[in-house]
Amino acid sequence: MDERPGGKRWLPLESNPDIMNQFVQGLGMSGEAEFVDVYGFDKELLAMVPTPVLAVLLLFPLTDEFEAARAEQKALDKEDKLISNNVYFMKQTVGNACGTVALLHAVGNNLSRLNLMQGSYFERFFEASAKLTPDERAAALEKDDEIENVHSVAANAGETPAPDVNTSVDLHFICFVCVDGGLYELDGRRPEPIYHGSSSPETLLEDAVEVIKYFIKNNPNSVNFNVIALSNLQ
């Protein structure tokens with residue numbers, strides 16, 4: 001998905017925990033935390049996901065039906081929600097970079113719970129962007145050759161051949177995190193984080209799943225959903 005017409009485009013990232021783990025570990029995240037598949041929403045299947053869960057990624061289809069349902073929901077939502085200043089959020093201006101933006105959201109909102117390698121890309125990027133606006137963070141990413149090169153390697157390492165970089169992709173990654181007791185949906189296409197009510201580190205996965213069910217309900221004709229959790233294995 002490209003938020004800026006005529007802007008830079010990357011190859012789309014495959015929704016594959018192995019590829020994502022190689023990607024983030026190459027940028028400085030230790031192996032103490034890993035991305036894992038969420039195979040279903042039944043209690044027994046959710047219990048198979050290693051805990052604690054630090055973030056939840058969702059790959060879903062961008063359809064007219066879903067966008068209409070989201071717009072209707074926003075119009076009906078009159079509650080004034082206060083977004084924590086501690087949420088790390090960035091916009092997406094690079095086409096097909098939603099997977100990398102979702103990974104940055106997952107890591108950036110768990111810096112105190114992840115052991116980043118000293119001097120690594122992640123440590124340098126998050127230190128440099130800590131006080132930037134969401135738009136400034138997007139601009140920094142767009143000009144960053146280092147992460148673009150790592151993204152390209154990861155995108156070409158998937159099990160399915162990467163499409164042409166100019167191919168329009170109708171699948172989109174977003175991230176769910178718990179910050180200061182709230183559940184936030186982080187989508188680089190949106191102007192700001194979306195607050196989904198109270199949550200906790202212990203219930204993040206279950207709380208995110210309840211929101212994800214809404215996505216599935218409003219895309220009844222699609223099976224193109226994939227859920228991945230970032231779990232701390234230590």
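Lys8 is partly exposed, at a relative accessible area of 27% (buried means under 20% relative accessible area, exposed over 50%, and partly exposed in between, with a 1.4 Å probe and protein chains only). The model is a predicted one, in which local features need pLDDT of at least 70, side-chain atom pairs count only at pLDDT 80 or more, and totals for chains, interfaces and linings use all residues. Residues are numbered from 1 along each chain as its sequence is written, and side-chain values use heavy atoms, leaving out hydrogens and water.

Lys8 has a partner: its side chain meets that of Glu148 in a salt bridge, at 3.2 Å from N to O. (A salt bridge here is a side-chain nitrogen of Lys or Arg within 4 Å of a carboxyl oxygen of Asp or Glu.) This pair ties together distant parts of the chain, with Lys8 in the segment before helix 1 (17-26) and Glu148 in helix 7 (residues 145-155), 140 residues apart. Helices (H or I, at least four residues) and strands (E, at least two) are DSSP runs, numbered from the N terminus. Glu148 is partly exposed, at 21%.

In total, the structure holds six salt bridges. Another of them joins Glu146 to Arg124, whose closest N and O atoms sit 3.2 Å apart. This one also links distant parts of the chain, running from Glu146 in helix 7 to Arg124 in helix 5 (residues 121-129), 22 residues away. Glu146 is partly exposed at 35%, and Arg124 is partly exposed at 41%.

Arg189 and Asp187 make a salt bridge too, at 3.1 Å from N to O. Both Arg189 and Asp187 are buried. Through shared partners, salt bridges join Asp187, Arg189 and Arg190 into one network.

Six strands make up an open, antiparallel sheet in the order 1-6-2-3-4-5 (two strands pair if DSSP finds at least two bridges between them). Strand 1 (33-37) and strand 5 (194-198) are at the edges with a single partner strand each, so one side of each has no neighbour in the sheet. From one strand to the next, the twist averages 20°. Strand 1 pairs with strand 6 (residues 226-232) over five antiparallel bridges, and Val36 stands opposite Ala229 in strand 6.

Two helices lie across these strands. Helix 1 lies across strand 1, strand 2 (53-61), strand 3 (171-179) and strand 6, at about 160° to strand 1. Helix 8 (residues 204-217) lies across strands 2, 3, 4 (182-186), 5 and 6, at about 10° to strand 2. Contact means heavy atoms within 4.5 Å; axes are lines fitted to C-alpha atoms, for helices over the stretch in contact, and angles run from 0 to 180 degrees between N-to-C directions.
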